[in-house]
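Biologist: I would like to go through this structure with you, one topic at a time. Please keep the answers plain.

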Amino acid sequence: DFLCQQKDAKGQSLFQEDFLTYLQQLKFTCDIDAIPDGTVVFANQPLIRVTGPNIQAQLIETALLNIMNFQTLIATKASRIKMAGNNKPLMDFGLRRAQEEGGLSASYAAYVGGTDSTSNTLAAMLYHIPVKGTHAHAWIMSHQDELTAFREYAKTMPVFCFYNYLKLLLFL
């Protein structure tokens, strides 16, 4: 319906009726081959191959490029950070920066790239990623000052607070 309403500069239908009918009745017949998750790849090595009618491949091209470019960007960044940190524990806190469902795929890609855990509980549940976290900024803002907020957090979560403090001392 949306495509039917599109007009060219002269006000004529942008798409011919037979093309719109073709799209409406289209059955996707392409084959899609992809590397398994977590596979190391090198320059000029294809990650995905789509075989089939050109128009069908073009219809999914942008979505596939968007998904793969985003996921490989996040996985590569996680891998680089892990290496720069000499393999110390690395946690994904990216949910606040990624948009919508991008947060879920970013947490997964970061785990594939080398993070040890995530703050994203949905990603932890769906992908069996160890889940870890801290308090939200709203927690700090709900107290009169930062020190009070941290003390209250320590009272509320004494085991995790002490455990995290010990880990911090051991890894610094």
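This is a predicted model: local features need pLDDT of at least 70, side-chain atom pairs count only at pLDDT 80 or more; totals for chains, interfaces and linings use all residues.

Biologist: To begin, how many aromatic pairs are there by your rule?

Modeller: The count comes to two aromatic pairs. By the rule, rings of Phe, Tyr and Trp (its six-membered ring) pair if their centres lie within 6.5 Å; planes under 30 degrees apart count as stacked, over 60 as edge-to-face and the rest as tilted. The rings of F15 and F19 form a stacked pair, because their centres are 5.9 Å apart and their planes meet at 25 degrees. Y108 and Y127 form a tilted pair, with 4.4 Å centre to centre and 40 degrees between the planes.

Biologist: Which helices hold Y108 and Y127?

Modeller: Y108 lies in helix α3 (residues 102-113) and Y127 in helix α4 (residues 121-127), so the pair ties together parts that are 19 residues apart in sequence. Helices (H or I, at least four residues) and strands (E, at least two) are DSSP runs, numbered from the N terminus.

Biologist: Where is the confidence lowest, and where is it highest?

Modeller: Confidence is lowest in helix α7 (residues 158-171), at a mean of 60, and highest in strand β1 (residues 31-34), at 96. For the chain, the mean pLDDT (the predictor's confidence in each residue, from 0 to 100) is 88, and 93% of the residues reach 70 or more.

Biologist: New topic. What is the volume of the second largest pocket?

Modeller: The second largest pocket has a volume of about 600 Å³. On a 1 Å grid over the protein atoms alone, a pocket is an open set of points where a 1.4 Å probe fits, with protein on both sides within 12 Å along at least five of seven lines; lining residues have an atom within 4 Å of a point. The volume is the space filled by probe spheres set on the points, which are joined across faces, edges and corners.

Biologist: Which residues lie nearest its centre, and how many line it?

Modeller: The second largest pocket is lined by 22 residues, and G38, T39, T72, A75 and V112 lie nearest its centre. Helix α2 gives the largest share of that lining, eight residues. Helices α2 (54-84) and α3 each supply at least two.

Biologist: How do the lining residues divide?

Modeller: They divide into 13 nonpolar, seven polar and two charged. Here Ala, Val, Leu, Ile, Met, Phe, Trp, Tyr, Cys and Pro count as nonpolar, Asp, Glu, Lys and Arg as charged, and the others, Gly among them, as polar.

Biologist: What about α2 and K77: buried or exposed?

Modeller: K77, which is in helix α2, counts as exposed because its relative accessibility is 52%. K77 and A110 are 33 residues apart in sequence and 7.8 Å apart in space, C-alpha to C-alpha. L65 is in helix α2 too, and it is partly exposed at 45%.

Biologist: Last topic, the backbone. What is the phi of N44?

Modeller: N44 has a positive phi of about 65 degrees although it is not a glycine. N44 lies in the loop between β1 and β2 (48-51) and is exposed, at 83%. H128, also a residue other than glycine, has a positive phi near 60 degrees. H128 is found in the loop between α4 and α5 (137-141) and counts as exposed at 67%.

How values were computed
Residues are numbered from 1 along each chain as its sequence is written. Side-chain values use heavy atoms; hydrogens and water are left out. Buried means under 20% relative accessible area, exposed over 50%, partly exposed in between (1.4 Å probe, protein chains only).
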